[in-house]
Amino acid sequence: MTIKNVRPEFIVAVKEFKDYLNSKRFMVIFGVLALLTIIGAITGYISYSDSLTTYNSQLSSTNSTMNFVRGPGIVSMPSVLNIFSSYGTYIASVGAFLAICMGFDMITREKEEGTLKLLLTHPVFRDSVINGKLLGAGSMLVMVLASTFLATIAVMMFFGVVPAVDDLTRIVAFFGATLLFMFTFLAISVTASTISGNSSMAVLIAIFVLIIGAVVPDISTTVSEAIMGSEPSMMIPSTSTSTSTDNSASSFDSSTTMTVVAVSSAQSDQGGPDFRGNGTRMTINPEYTSYWSTRNAIQNTLNIISPTYNYQMISQVINEKLSSPRTSSTNQGFFIRSADQTVSLWTSLSSVWINILALLVMIIVGFGIAYVRFIRVDVR
Amino acid sequence: MIRTENLTKTYNGVKAVDSVSLKVEKGEVFGFLGPNGSGKTTTIGMIVGLIEPTAGKCFINDVEVTRNPLEAKKITGYLPDGIGFYPTLTAKQNLKYFSKFYGMSDSEADKRIEELLEYVGLKGVQTHSGGFSRGMKQRLGLAQALINDPQVIFMDEPTNGLDPQGVVQFRNIITDLASKGKTIFFSSHVLSEVQLVCRNIGVISKGKIIADGTTEDVRRKLQKNDFVTISVAVSGKIPELKTPGIVEASYNGSSAIIRARTDIRNGISTELSGNGHQISELRVIERSLEDVFLETVYGGV
């Protein structure tokens, strides 16, 4: 077999791909991920099976009483994608760690071992080297994810759960979202590798970003509170004699079949007109609504910088077939889904476009910095 | 074959290489001499396309390196200082990887690799290069530099850290390559090593070429403003000399060592003969290139 006219990118990519297969570090983390995938699939199946039993029993009891109303407390038909829920949790930690391990020494290792200098004296452009490396790492990530997804699907099939077409489409979308998430951490670690003088510093930078991404959703509440100050009082005496206050959030039309899935603490306290003990007519303070609207916006803006948060939002709407994420400010924490309503994948993804965009921007910026830095650096 | 024109590299406002202009003819073994940190590696890095020059141009076989780096690299081999290889690959696997960038077929590459491993004395070594000694790495480094059968070979301090046997073997390889018509650019900070294999040398100090040409040319250029040392001896006790031009003199019985600004042997001879002394020795003490090099470049260490 001849190897003439093979593009240098592919030569480097094949080498990089083989290096991962020969790397003990990579294989150990991949092994852990594979093990967690199987465990996650089995526990996911057990959870799905329980939900299905609960759903069936509640459905039969509802049908026997009032078959036209399904109010709070009645669960919707569980999705087979619930089987992926544990997997999603594992990949958010171990997967991110694997991506970091694949990228943090991509460039620094070659510098430290003196092989980069050697490689670049042969007829290959620098952009071919970095493109090849990214191609090799990307291919390996796709292979890792594909194998874990296929393993999960195999477990589903083993237990007799056959995904429908819509489920399969969502599984593919979840695969894409997971790939996007792992590519984000690959981009972060490769960037760290190109800007650092050695692998130790590169891994520290990448892990620092990972930790920041993990804690941002926790501290964003505190930060937004610090910025906005204390909340104004929720209820104020009504100056209007009208009773037309917007109370859609708390009232339910009995002709509509609704399932309340989640209600935020902020919103759950918001009610319609109230009457205090002294007989004064009370209404919701507009400043209170404005306060929470701004505070949620700040919180969500901060959360956007967290890859893990973005991934959780995206996987949530895909796997739970939601029309918007539960903690999104777009519906101010109030999330309703009709039990009989089918939420299309497009609707789900549209509600998290900002999270998808955030991950894409992180990938593009990360790889962009790595690319420019690698092209310009003097190899001495 | 190798030509640089005012090659300059500046790092943070400091000139690591300052207007270096060199010319190396085809088939020549050129010694690039200078102390550590003088700019040798940076100069070579620019010529082989690893470092982008701040100013100036470099050509290999009339191919401008910065404009056509791939064309230049196809006819160039480079053995860098502090060479490293992919530690999980064997010598053969490392060479196979590099051979792929030259579009060689598998059979061509395998044949070439076998030849090279035998040439550098690594035939049959199956261990991963991560376990190689410094000497083995240098040998493998030379093999990778020759993988494309280059016309020009750059070697950056190739004998650094080698044992005496390794140094001799490397020297023989350089001589052998030169006999095959290869142009060799060989850097070192050890003059004696360069003198043994090179006819032409260039001396770099603080980023600037301070002398180049044949070893004799370089010696003359380096001691251009130096004093002439004359050894003189007579039968009997030598008198104190009054010849004009003497800067310093030390007398020891029948002989003396005279330092003068110019060669004043005729004047000394006239003075001594006029005073009735029979001259038994009157010669200029030639300083070796090593002496001149050490004094000029290292400040007389």
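I began with helix H1 (residues 8-22) of chain A and helix H6 (residues 126-158) of chain A, whose axes come within 7 Å and cross at roughly 45 degrees. This is a predicted model, so I read everything below as such. H1(A) and H6(A) are therefore oblique to each other, and I noted the crossing as right-handed.

Next I looked up who makes that contact. From H1(A) I found residues including A:Phe10, A:Ala13, A:Phe17 and A:Tyr20, and from H6(A) residues including A:Val129, A:Gly132, A:Leu135 and A:Met140. I sorted the residues of this contact into eleven nonpolar, five polar and three charged.

Then I turned to helix H3 (residues 85-103) of chain A and helix H7 (residues 165-195) of chain A, which pack at an angle of about 35 degrees with their axes 8 Å apart. The crossing of H3(A) and H7(A) is right-handed. Among the residues in contact are A:Gly95 and A:Ala99 of H3(A), with A:Phe185 and A:Leu186 of H7(A). My sorting here gave nine nonpolar, five polar and no charged.

Which residues have the most contacts inside the largest nonpolar core? I listed A:Leu141, A:Leu186, B:Ala143, B:Phe154 and B:Phe186, in a core of 145 residues. H7(A) gives the most to this core, with 15 residues.

I followed up on B:Phe186: leaving aside neighbours within four places in sequence, its contacts include B:Phe30, B:Phe32, B:Ile174 and B:Val197. Last, I noted a second, separate core of seven residues, with B:Ile230 and B:Ile258 among them.

Key
Residues are numbered from 1 along each chain as its sequence is written. Chains are lettered from A and ligands numbered from 1 in the order in which they are written. This is a predicted model: local features need pLDDT of at least 70, side-chain atom pairs count only at pLDDT 80 or more; totals for chains, interfaces and linings use all residues. Axes are lines fitted to C-alpha atoms, for helices over the stretch in contact, and angles run from 0 to 180 degrees between N-to-C directions. Helices (H or I, at least four residues) and strands (E, at least two) are DSSP runs, numbered from the N terminus. A crossing is left-handed if the near helix is turned anticlockwise from the far one by less than a right angle, and right-handed if clockwise. Two residues are in contact if their C-beta atoms, placed from the backbone, lie within 7 Å. Ala, Val, Leu, Ile, Met, Phe, Trp, Tyr, Cys and Pro count as nonpolar, Asp, Glu, Lys and Arg as charged, and the others, Gly among them, as polar. A nonpolar core is a set of buried Ala, Val, Leu, Ile, Met, Phe, Trp, Tyr and Cys residues joined through C-beta atoms within 7 Å. A residue is buried if 20 or more other C-beta atoms lie within 10 Å of its own, exposed if 12 or fewer, and partly exposed in between; C-beta atoms are placed from the backbone. Angles under 35 degrees count as roughly parallel, over 145 as roughly antiparallel, 65 to 115 as roughly perpendicular and the rest as oblique.
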